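Biologist: I am new to this structure and would like to learn how to read it feature by feature. Could you take me through it slowly, giving the general idea and then the case at hand?

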Amino acid sequence: MFRRAITTVAAVVATGLALTGCGANPAASPSASAEATKPLRIIADVTPHALLLKEAEKQGLLGDVKLDITEITSGIDANQLVNAGDLDANFFQHVPYLTDWNAKHAGSDLVALSPVHVEPLGLYSKKVKLDSVPDGAKIAIPSDATNQARALFVLEDAGLITLNVKEDDPGLDFSQITPAKNITANPKNITFIEIDRPQLAATLDDPQVTLSIVNGNYAIEAGLTPKTDALQLEAADNNPYANIVAVKATLKDDPRVKKLDEALTSPKIQSFIEETFQGSVLPAK
């Protein structure tokens, strides 16, 4: 499952002018041609990211661009792989997460392409309903800073806590929001357990965990339907957490990258997202 090469049609051929004794004749530039025919190596979460990449190919939206897709497994730092040049692009994160990652890794130059889709964060439980959350409940939340901030805003929307910051504040640094610093009211005396995002859905079966905040893609992979199963679902309107493809700045203008960006934001892929996920994943507007 770690590496899956997906081959499309013939590769793009770059042409140049070669001067000969008989005059100027068109000829392929070996270096440009070789670069253009290389598959774009991209690492992606399985759902919905890799699915969207495959659908773009299936619909012929990538033209002659080839993709070599690696599906993310636990423990892989997809940003580090791209930053080191081991892969060309990744597709798993939103802009606040990428911004926070760049800030924590000196010298990194990863940049975001266009917003593709939103995976609403949700509050789930197999034990209680929202109106019966007990005193002293334990809630599993994402351990990374930006998704933890999202989780706290979901819990505030659910009426379980009160925060001293507003999500729509344009100057808000999501990476600095924590339960200790920003919760001003916690009437249920909730305690928080920080868990890596891919493991959050599994905590729903943990007898020690009352409720869990789960990212949309991991909820879907766990067989949940966010639109109907979540006790509280993150609002989609003006959501700053749209998922993007990230590449090194030096690759942003690569023709293969531009073609992928165009394909993933096309009306056809937007329609596919709406029809396939029925509100559990939403196209970025």
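Biologist: Where does Asn 217 lie, and is Asn 217 buried or exposed?

Modeller: Asn 217 lies in helix α7, residues 216-221, where helices (H or I, at least four residues) and strands (E, at least two) are DSSP runs numbered from the N terminus. Buried means under 20% relative accessible area, exposed means over 50%, and partly exposed is in between, with a 1.4 Å probe and protein chains only. Asn 217 has 2% relative accessibility and therefore counts as buried. Please keep in mind that this is a predicted model, in which local features need pLDDT of at least 70 and side-chain atom pairs count only at pLDDT 80 or more, while totals for chains, interfaces and linings use all residues. Residues are numbered from 1 along each chain as its sequence is written, and side-chain values use heavy atoms, with hydrogens and water left out.

Biologist: Which residues does Asn 217 touch, not counting those up to four places away in sequence?

Modeller: Contact means heavy atoms within 4.5 Å, and by that rule Asn 217 touches Asp 45, Thr 47, Pro 48, His 49 and Glu 119. Asn 217 and Val 118 are 99 residues apart in sequence, while their C-alpha atoms are 9.6 Å apart in space. For the protein, among contacts between residues at least 6 apart in sequence, 76% join residues at least 24 apart.

Biologist: What kind of peptide bond joins Thr 47 and Pro 48?

Modeller: Most residues other than glycine have a negative phi, and most peptide bonds are trans. The bond between Thr 47 and Pro 48 is cis, with omega about 0 degrees, and Pro 48 lies in helix α2.

Biologist: Which residues have a positive phi without being glycine?

Modeller: One of them is Asn 189, whose phi is near 55 degrees; Asn 189 is found in the loop between β12 (183-185) and β13 and is partly exposed, with a relative accessible area of 44%. Another is Gln 278, with a phi of about 50 degrees, found in the loop between α10 and β17 (282-283).

Biologist: How do helices α2 and α10 pack?

Modeller: Two packed helices are described by the angle between their axes and the distance between the axes. Here α2 (residues 46-58) and α10 (residues 267-277) pack at about 130 degrees, with their axes 11 Å apart; that makes α2 oblique to α10. Axes are lines fitted to C-alpha atoms, for helices over the stretch in contact, and angles run from 0 to 180 degrees between N-to-C directions. Angles under 35 degrees count as roughly parallel, over 145 as roughly antiparallel, 65 to 115 as roughly perpendicular and the rest as oblique.

Biologist: Which residues of α2 and α10 meet?

Modeller: Thr 47, Pro 48, Leu 51, Leu 52, Glu 55 and Ala 56 in α2 meet Ile 269, Phe 272, Ile 273 and Phe 277 in α10.

Biologist: In what order do the strands of the open sheet stand?

Modeller: Two strands pair if DSSP finds at least two bridges between them. Five strands form the open sheet in the order β13-β10-β14-β9-β15, with mixed pairing. At the edges stand β13 (191-195) and β15 (232-233), each with a single partner strand, so one side of each is left without a neighbour in the sheet. Strands β10 (residues 138-142) and β14 (residues 211-214) run parallel and are joined by two bridges, and Ile 139 stands opposite Leu 211 in β14. Helix α5 (residues 145-157) lies across β9 (122-124), β10, β13, β14 and β15, running at about 140 degrees to β10.
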